[in-house]
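This briefing reviews selected local features of the structure shown below. Please read the points alongside the sequence and the coordinates.

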Amino acid sequence: MVDASSVRRSVAGVVALVAVAAFAGGCTSEEQEPPEADPSPSASASDDGVLDFTVYGPEAVTDAYRGLAEQWNADHPDTRVEVTAYPDRQRASAAVANAREAGTAPDLFLADRQDLGTLVEDEAVRRVDDLLAAREVDFGDGFSRVGLAAFSDQAALQCMPVDVSPLVVYYNPQLIELDQIADEGRAEITAERGWTIGEFGRAAAQPRRPGVRGLHVEPTLEQIAPFVWSGGGEVVDDQVDPTTLTLSDDASRDALERLLEVVRDPGLTFGQDALERRSALARFKAGQLGMMLGYRDLTAELRRDPSLTFDVMPLPVVNSGATIASITGACISADSTDEAGAADFLAALTSQSAQDALAATGYVMPANTASLDDEAFLQAGQRPLNSQVFLREVRDVQLLPATASWSELESSLTGALDDLFYLPVIDPLEERLSAIDDASVPFLDPEAASESPSTDSSSSPAPSPSD
């Protein structure tokens with residue numbers, strides 16, 4: 001008998017190869033006729049005839065980018081794209097920053113949405129909306145709107161989104177039985193209907209075996225923000241120009257209380273010591289954890305174990321649907337010596353064929369909406385069986401600010417957020433949340449912080465930028 005998993009892997013490989021081949025022909029979609037020769041912007045050789053493109057991610061993703069570059073080179077002999085790959089965002093960002101300081105910045109590079117504030121502040125990127133419009137890239141309904149919004153700043157699109165993946169709940173159906181936990185009077189829980197925070201809590205309580213827990217949520221702003229938004233609260237006072245966190249506001253605090261009721265229960269979640277010994281991901285893979293939150297890239301990671309059963313659900317609802325997204329974009333360096341060539345290659349990266357090639361890896365959720373309906377992304381027959389959850393959740397994505405100091409702020413709050421999840425006693429909660437809000441001000445509004453009278457450092461859960 002033919003192994004079904006081998007067939008599926010072969011199909012995924014064929015999809016990727018077909019997409020790469022189509023990519024080599026340029027950036028037009030299959031429904032469009034190739035444009036006639038146009039004296040407007042087109043590939044032109046840089047000083048050395050090479051475009052440098054810095055990427056990051058799992059090997060399958062960086063290999064896909066290399067494949068796209070190789071096919072582009074075969075079809076465009078005047079402009080050669082060379083890919084430099086790093087295993088993660090941190091090392092790639094550091095390499096790009098060092099290269100920029102040395103005057104050798106790559107022509108194009110991948111960036112996380114949270115890098116945008118720093119990139120714009122440092123004038124490190126060239127806005128791409130005008131360049132892509134000149135190359136007939138359709139910004140109408142062709143691309144994820146939240147992805148475009150995420151990389152927009154100063155009334156311009158600074159980078160082009162290529163991966164927009166909402167945060168969802170991964171669960172093990174052998175531990176979590178959805179048909180047993182519906183609220184009284186409500187229909188059976190399905191991936192389409194979603195679930196309430198109460199139903200989510202009951203799901204977390206289902207695993208009853210020793211050494212097994214029902215749920216893990218990371219104590220980070222990234223993973224608590226959707227629960228705050230769902231409860232009608234806000235994470236910051238102003239999305240565009242934030243001056244403080246607002247976790248202590250009534251609606252935000254009430255939403256967090258609902259979440260903390262679940263994640264602080266030691267019968268439902270692993271404690272810090274247990275997670276230091278073995279990560280939540282390792283426990284999920286071992287069948288010791290019923291649910292965890294993750295993005296699309298977790299799908300490919302979990303598929304490595306063919307015996308693991310898993311599926312996805314939307315984040316639970318407090319009052320209304322809300323989630324966050326991991327968003328990656330491709331940027332053109334402000335220092336590129338071949339802006340036209342870089343823009344031509346970037347336009348091609350937005351095409352459905354190129355996006356299909358990335359989606360086929362299982363790690364990427366394309367920003368090109370045509371690719372989301374394609375088998376390259378849906379990958380029918382493979383887990384998760386409810387991949388449509390990713391598509392539906394995109395509509396509920398909200399964004400955290402992308403100010404230059406945001407990453408610093410997140411790092412500074414690690415201890416304070418850990419305490420919310422793991423300390424035996426956190427009452428009064430309002431005071432703890434107020435202290436977290438106050439500790440955010442030096443990062444978000446340094447001038448206001450410098451004008452405020454100094455306070456007892458023992459009341460603050462996080463250091464200021466100068467500490």
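Gln379 is buried, with a relative accessible area of 4%, where buried means under 20% relative accessible area, exposed over 50%, and partly exposed in between (1.4 Å probe, protein chains only). The model is predicted: local features need pLDDT of at least 70, side-chain atom pairs count only at pLDDT 80 or more, and totals for chains, interfaces and linings use all residues. Residues are numbered from 1 along each chain as its sequence is written, and side-chain values use heavy atoms, with hydrogens and water left out.

**Backbone geometry**

- Most residues other than glycine have a negative phi, and most peptide bonds are trans.
- Gln379 has a positive phi of about 50 degrees although it is not a glycine, and its place is the loop between H16 and H17; helices (H or I, at least four residues) and strands (E, at least two) are DSSP runs, numbered from the N terminus.
- The loop between helix H16 (375-378) and helix H17 (388-393) also holds Pro384, and the peptide bond from Arg383 to Pro384 is cis, with omega near 5 degrees.
- A cis peptide bond also joins Asp427 and Pro428, with omega about -5 degrees; Pro428 lies in the loop between H19 and H20.
- Glu123, in the loop between helix H4 (116-121) and strand S4 (125-126), has a positive phi near 55 degrees.
- Glu123 is exposed, with a relative accessible area of 65%.

**Nonpolar core**

- A nonpolar core is a set of buried Ala, Val, Leu, Ile, Met, Phe, Trp, Tyr and Cys residues joined through side-chain atoms within 4.5 Å.
- The largest such core has 136 residues, of which Phe53, Tyr170, Trp195 and Met291 touch the most other members.
- Helix H13 (residues 339-349) gives the largest share of this core, seven residues.
- Leaving aside residues up to four places away in sequence, Trp195 touches residues including Val169, Leu178, Phe200, Met291 and Pro314; contact means heavy atoms within 4.5 Å.
- In soluble globular proteins, nonpolar side chains tend to be buried together.

- Ala416, Leu417, Asp418, Leu420 and Phe421 are buried in helix H19 (residues 414-422).
- Against these buried residues pack helix H8 (221-230), helix H9 (250-263), helix H10 (272-277) and helix H20 (429-444).
- A cavity is a set of points on a 1 Å grid over the protein atoms alone where a 1.4 Å probe fits but cannot get out, and lining residues have an atom within 4 Å of a point.
- The structure holds one cavity of 30 Å³ or more, and the largest cavity has a volume of about 40 Å³; grid points are joined across faces, edges and corners, and a volume is the space filled by probe spheres set on the points.

- Ser333 lies in strand S11 (residues 325-333) and counts as buried, at 2% relative accessibility.
- A polar atom of the Ser333 side chain lies 3.0 Å from the backbone nitrogen of Asp335.
- Beyond residues up to four places away in sequence, Ser333 touches Ala105, Pro106, Asp107, Phe109, Ala124, Val125 and Arg126.
- Ala449, in helix H21 (residues 446-451), is partly exposed, with a relative accessible area of 25%.
- The C-alpha atoms of Ala449 and Ala439, 10 residues apart along the chain, are separated by 9.4 Å.

Conventions: Polar contact = N/O pair within 3.5 Å; in protein donor to acceptor, adjacent residues only side chain to side chain. 1 Å grid on protein atoms, 1.4 Å probe; cavity = no way out; pocket = protein on both sides within 12 Å on 5 of 7 lines; lining within 4 Å.
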